[in-house]
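Work through the exercises below with the sequence and the model at hand. Each task is followed by a solution in steps.

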Amino acid sequence: MVAYLEFEKPIAELQARIAELRSTADAGSLDIESEVSKLEAKSDKLLRDTYAKLTPWQKTQVARHPERPHFKDYVAGFISDFMPLAGDRAFADDQAIIGGLGRLGDRKVMVIGHEKGDDTASRIRHNFGMAKPEGYRKAIRLMELADRFGLPVVSLVDTSGAFPGIQAEERGQAEAIARSTEACLALGVPMVAAVVGEGGSGGAIAVAAANSVLMFEHAVYSVISPEGCASILWRTGDKAAEAAEAMKVTAADLQKLGVVDRVVAEPVGGAHRDPAAAIAALGAAIGEELDKLAAKKPTTLRAARRDKFLAIG
Amino acid sequence: MSWLDSVRKKIPFIAKRESPDNLWHKCPSCQQMIFAKEYEENLSVCPKCGHHGRIGPDARFDQLFDGGVYTLLPAPQVREDPLKFRDSKRYTDRMKEARAKTGEQDALINARGTIEGFKAVVGVQDFAFMGGSMGLAVGAAFVAGVQAAIADQCPYVIFTAAGGARMQEGILSLMQMPKTTVAIAQLREAGLPYIVVMTDPTTGGVTASYAMLGDIQIAEPGALIGFAGQRVIEQTIREKLPEGFQRAEYLLEHGMLDMVVKRHDLRAELARLIDYLCPGKKAA
Ligand SMILES: [Zn+2]
């Protein structure tokens with residue numbers, strides 16, 4: 001049973017009606033069954049139609065859906081023999097960014113990504129996917145390790161942004177993000193990044209300056225959250241929908257702008273309605289991108305990455 | 001500097017000085033009234049309390065380059081309003097206003113000249129131009145500044161001042177973070193120093209990219225420097241922020257800067273650094 005979003009209310013109502021019919025005394029009767037299947041068809045069509053034309057603000061809500069797959073689900077789904085590696089060797093192990101060695105198919109890779117957590121305890125442990133400097137410094141360490149041993153880097157981006165806190169500032173949040181972006185750009189191994197949920201600002205780009213940037217169909221990627229943009233430019237967070245629209249945060253828009261290289265389709269109704277299918281689709285797409293880059297020399301990979309970001313504009 | 005440059009540069013100042021509103025400057029820190037001419041002659045530093053006021057590219061270049069002589073680099077051409085953005089106002093209208101107010105094309109201006117005889121390309125971000133925000137034009141100007149430095153075989157010195165990325169250019173402004181980072185890598189490979197001078201305020205995506213990647217990190221006294229805005233932090237953690245939080249001295253104490261340098265000493269300190277890092281590059 002999925003948690004319905006506000007804009008899915010008509011679908012939720014149809015589903016409630018179906019459940020109600022099924023629980024009536026006459027359940028199993030021909031009349032009821034034909035009514036149920038009619039309603040099911042109507043509900044499926046409504047879901048399909050709704051998701052075919054989600055507004056940027058609706059996509060933002062889908063991208064943040066609590067049941068949407070997270071880093072650990074993707075790793076469980078398409079990475080085998082995962083060996084998590086911890087710590088920045090300077091201050092702490094930040095659980096908002098997780099990383100480690102693993103195999104995608106028969107490719108040995110370094111996987112890094114934000115983890116938001118999926119219940120109260122894990123959300124707190126992962127700080128809702130909002131990394132602190134030690135998280136970015138762990139990412140840097142793992143990228144440099146991958147580079148030295150010729151392992152391609154795969155990053156999964158899913159964060160509302162880097163954590164805004166006193167200690168994070170004290171320890172150099174800005175510097176950590178800048179260095180992490182720099183580390184991505186310096187790699188002599190292939191790097192494939194996928195925006196799987198929210199790509200929030202500097203906290204996202206720090207692990208997304210990749211050769212190939214993928215994005216899920218209903219993920220969002222932006223320079224500031226729609227709420228943040230609205231509160232600054234419209235002077236009210238209530239205008240988040242307008243801000244999301246104006247900033248062009250969707251995968252389709254970002255592909256047009258040349259920021260995203262490949263959009264990965266999601267199951268009807270979003271990744272959270274069929275996580276297994278979504279995870280498999282992403283794993284396959286990342287694998288294909290890695291294979292395209294596999295034979296390239298370090299200098300070529302580095303130069304291609306640089307040229308790509310120099311050319312965006 | 002060409003004759004045209006020098007005239008162009010002087011006109012706005014003459015106009016300003018004639019207006020009686022501008023005869024006096026009220027220090028935002030100590031609230032004292034200072035004779036505007038005295039304030040300007042003191043490099044826009046309050047003679048009473050030492051508060052460093054915000055200054056734009058013209059004043060900065062004048063103060064920094066030998067004899068106030070320099071050549072402006074042309075502003076790179078970029079796509080205007082790539083997202084056709086509008087909030088309560090059109091982005092194109094906000095741009096028009098900012099251009100009229102500052103007389104500049106966008107928020108980052110480069111110039112080449114000498115500092116105590118050492119060649120340098122200097123970029124100055126203008127907070128008066130839409131909060132110094134980083135969009136396509138700022139990114140392109142940064143890259144152009146670095147390229148000029150490589151061509152001249154001299155350091156690139158950037159004076160940062162920005163509220164962050166330019167929201168009206170959406171994701172394209174975020175992409176200026178990796179873009180400027182690539183330029184810095186190229187400067188480094190050319191064996192040339194990249195010197196950052198952070199001025200008040202430097203926050204957001206600018207801090208989290210080129211402002212924090214200097215070979216040498218300098219800040220002016222009292223400058224606000226950070227990643228997250230203070231209001232955002234307060235709302236997130238629901239705590240009062242410590243005294244002096246995110247100020248230059250605080251960053252120095254936390255290891256994020258090499259030095260805090262008073263505006264009056266900047267020229268000499270930059271020249272000393274360039275002499276160490278980029279010797280033999282003294283202009284004829
Ligand atoms: Zn004062």
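**Exercise 1.** How many residues of domain 1 of chain B are in contact with domain 2 of chain B, and how many of domain 2 with domain 1?

*Solution.* The model is predicted: local features need pLDDT of at least 70, side-chain atom pairs count only at pLDDT 80 or more, and totals for chains, interfaces and linings use all residues. Residues are numbered from 1 along each chain as its sequence is written, while chains are lettered from A and ligands numbered from 1 in the order in which they are written.

Step 1. Take the bounds, which come from an automatic or database domain assignment: domain 1 of chain B is 1-51 and domain 2 is 54-277.

Step 2. Apply the contact criterion, C-beta atoms placed from the backbone and lying within 7 Å. In domain 1 of chain B, 9 residues touch 13 residues of domain 2 of chain B.

Step 3. Sort the domain 1 side by class: 4 residues are nonpolar, 3 polar and 2 charged. Here Ala, Val, Leu, Ile, Met, Phe, Trp, Tyr, Cys and Pro count as nonpolar, Asp, Glu, Lys and Arg as charged, and the others, Gly among them, as polar.

Step 4. Between the domain centres, taken over C-alpha atoms, the distance is 22 Å.

**Exercise 2.** Locate the residues that UniProt annotates as "binding site" in chain B, and describe B:C30 and B:C49.

*Solution.* Step 1. The unreviewed UniProt entry gives B:C27, B:C30, B:C46 and B:C49. These residues span 23 positions in sequence, but no two of their C-alpha atoms are more than 8.6 Å apart, so they gather at one spot. Positions follow the numbering used here, feature names are shortened, and annotations may be inferred rather than shown by experiment.

Step 1. Helices (H or I, at least four residues) and strands (E, at least two) are DSSP runs, numbered from the N terminus. B:C30 lies in the loop between strand 1 (24-26) and strand 2 (33-35) of chain B; B:C49 lies in the loop between helix 2 (36-41) and helix 3 (57-64) of chain B.

Step 2. Are B:C30 and B:C49 buried or exposed? A residue is buried with 20 or more other C-beta atoms within 10 Å of its own, exposed with 12 or fewer, and partly exposed in between, C-beta atoms being placed from the backbone. B:C30 has 12 and is therefore exposed; B:C49 also has 12 and is exposed.

Step 3. Leaving aside neighbours within four places in sequence, B:C30 contacts B:C46, B:K48, B:C49 and B:H51.

Terms used
Contact = placed C-beta atoms within 7 Å.
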